[in-house]
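Student: I'm new to this one. Could you show me how to read it, step by step?

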Amino acid sequence: MEVTSLREPKMADRVATALRRMFIRGEIAEGAMLPPESELMESFGVSRPTLREALRVLESESLIRVQRGVRGGARVTRPRRETLARYAGLILEYEGVTLRDVFDSRVLLETPMVIHLATKRDPNVIAELEQIIEREAELAATGGAGHELNDFHVAIARLSGYKTLQMVSDMLHHVIEKAHRSLPVTEGPRAREALRRSAKTHRMLLDYIKAGDAKAAGELWERHLKKVEEFVLSRSDLSTVVDLLE
């Protein structure tokens, strides 16, 4: 067997890996501009096309933002949870996952979170939830959009203190938010009443958390999430995550 050439592991991937490691370790700070291309090419011993391919990889991961032009360059950015949600949503679409499965998964994820918050009764957590509920009361009074109450759900995940669960929750929230926005806009007394009921439920949950009644908090939140699920799915022809593609 005659071998004319062998290619070592893709250099662009190796350059991207090295730079990614520097970002994560803080060796290159968030917001900093990367050195000029000529300097990076010399440091890594690679060609311009190889370097630019590595930068495209990092840009697709939201780790850098490339600015074109004479004064352009690559600026280091913090990886965004939206990127995780977008890619996870793509996999759910490809796998044909149903929206009901997504909603049911949120129930299984968020219910233990509120039980945890009610068990801990952290004053700082309670104070922040109180502020959110006050804003919700103003929203309900002015007839705002129902999906805007999702701030409370996002806060539940964030305040639980578990970063991994928060990221999974963000991914599910991304899909559910798209489902809400895909529905026809409802207005009038019915919409205002739905908004009022959701805000009231959030207030009841906070009262249970304040009282340290973890059992009641978990039961209330499970019922609430299932009602939201049925409300969304009954008003739409959507069945799978792929139906949400724009």
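Tutor: Let's begin with burial. Of the 246 residues of the protein chain, 39% count as buried. Buried means under 20% relative accessible area, exposed means over 50%, and partly exposed is in between, using a 1.4 Å probe and protein chains only. Keep in mind that this is a predicted model, where local features need pLDDT of at least 70, side-chain atom pairs count only at pLDDT 80 or more, and totals for chains, interfaces and linings use all residues. Residues are numbered from 1 along each chain as its sequence is written, and side-chain values use heavy atoms, with hydrogens and water left out.

Student: How many helices and strands does the protein chain have?

Tutor: Helices (H or I, at least four residues) and strands (E, at least two) are DSSP runs, numbered from the N terminus. Here there are 10 helices and 2 strands. Reading from the N terminus, the order is α-α-α-β-β-α-α-α-α-α-α-α.

Student: How do the strands E1 and E2 run?

Tutor: Two strands pair if DSSP finds at least two bridges between them. Strand E1 (residues 64–67) and E2 run antiparallel, joined by 4 bridges. Isoleucine 64 sits opposite valine 76 in E2. The two strands make a hairpin with 5 residues between them, and glycine 69 in the turn has a positive phi of about 105°.

Student: Which residues of strand E2 are on its covered face?

Tutor: In a regular strand, side chains alternate between the two faces of the sheet. In strand E2 (residues 73–76), Ala74 and Val76 make up the covered face, while Gly73 and Arg75 are on the uncovered one.

Student: Where do I look for a nonpolar core?

Tutor: Look for a set of buried Ala, Val, Leu, Ile, Met, Phe, Trp, Tyr and Cys residues joined through side-chain atoms within 4.5 Å. The largest such core has 38 residues, and Val102, Leu129, Phe152, Ile156, Leu205 and Ile209 have the most contacts inside it. Among the elements that give two or more residues to this core are helix H5 (99–120), helix H6 (123–142) and helix H9 (189–211). H5 supplies the largest share, 9 residues. There is also a second, separate core of 18 residues, which includes Ala12, Leu34, Met41 and Ile64.

Student: What is leucine 205 in contact with?

Tutor: Contact means heavy atoms within 4.5 Å. Leaving aside neighbours within four places in sequence, leucine 205 is in contact with Val114, Phe152, Ile156, Ala217, Leu220 and Trp221.

Student: Is serine 169 buried or exposed?

Tutor: Serine 169 counts as buried because its relative accessibility is 7%. This serine lies in helix H8 (residues 163–182). Not counting residues up to four places away in sequence, serine 169 touches Leu109, Glu110, Met113 and Ala157. The C-alpha atoms of serine 169 and glutamate 110 are 7.9 Å apart, though 59 residues separate them along the chain.

Student: And threonine 50, buried or exposed?

Tutor: Threonine 50 is buried, at a relative accessible area of 18%. You'll find threonine 50 in helix H3 (residues 48–60). Setting aside neighbours within four places in sequence, its contacts are Met11 and Ala12.

Student: Which residues of H4 are buried?

Tutor: They are Thr83, Ala85, Ala88, Gly89, Leu92 and Glu93. These buried residues of H4 pack against H3, H5 and H8. Just after H4, glycine 96 takes a positive phi of about 70°.
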